[in-house]
Amino acid sequence: THMRGEPWDCSWDLMDGKSWRPFFSQSFPPRQLGTLQTSMKYEPLRDGGALFAELEAELEKDIMDAISTVRKRMYTPFNRRCSRVLKGLLKTLEDQILASYTNS
């Protein structure tokens, strides 16, 4: 056991028996608990293209907001044309990687 709970103060040497104890022991054996999780039903997306475009736009906005939050003191202009070029390059790289997997 550790004196403090912060991860940076813990000894991560798992071979050190003084710092780590097994969770289950003779006095506390493991129990089988029933699950409350229901089975999931997967359904195909009707309009996957629109969903992925919306997800991409939300992700781009979240990234830009995160960058702006970190750089509060300085205004960060975002180059939309550069962003489009990088997205096209990413798509090309994804297509090449997928093609290499299907060919091998």
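This briefing covers a pocket, a surface patch and a loop residue. The model is predicted: local features need pLDDT of at least 70 and side-chain atom pairs pLDDT 80 or more, while totals for chains, interfaces and linings use all residues. Residues are numbered from 1 along each chain as its sequence is written, and side-chain values use heavy atoms, without hydrogens and water.

- The largest pocket has a volume of about 540 Å³.
- A pocket is an open set of points, on a 1 Å grid over the protein atoms alone, where a 1.4 Å probe fits, with protein on both sides within 12 Å along at least five of seven lines; lining residues have an atom within 4 Å of a point.
- Of its 16 lining residues, Glu56, Glu60, Ser83, Lys87 and Leu90 are the closest to the centre of the largest pocket.
- Helix 1 (48-70) and helix 2 (80-103) each give two or more residues to this lining, and helix 2 has the largest share, with eight.
- Helices are DSSP runs (H or I, at least four residues), numbered from the N terminus.
- The lining divides into eight nonpolar, two polar and six charged residues.

**Surface patch**
- Leu45, Leu51, Phe52 and Leu55 form a nonpolar surface patch, with about 410 Å² of accessible area together.
- Patch residues have over 30% relative accessible area and no salt bridge, and nonpolar side chains are joined within 5 Å.
- Leu55 lies in helix 1.

**Loop**
- Pro77 sits in the loop between helix 1 and helix 2.
- Pro77 counts as exposed because its relative accessibility is 59% (exposed means over 50%, with a 1.4 Å probe and protein chains only).
- Pro77 and Met64 are 13 residues apart in sequence and 9.8 Å apart in space, C-alpha to C-alpha.

Definitions and conventions
Grid points are joined across faces, edges and corners, and a volume is the space filled by probe spheres set on the points. Ala, Val, Leu, Ile, Met, Phe, Trp, Tyr, Cys and Pro count as nonpolar, Asp, Glu, Lys and Arg as charged, and the others, Gly among them, as polar. Patches are made of residues with over 30% relative accessible area and no salt bridge: like charges are joined within 9 Å, nonpolar side chains (Val, Leu, Ile, Met, Phe, Trp, Tyr) within 5 Å. Accessible areas come from the Shrake-Rupley method with a 1.4 Å probe; for residues, only the protein chains shown count as cover. A salt bridge is a side-chain nitrogen of Lys or Arg within 4 Å of a carboxyl oxygen of Asp or Glu. Buried means under 20% relative accessible area, exposed over 50%, partly exposed in between (1.4 Å probe, protein chains only).
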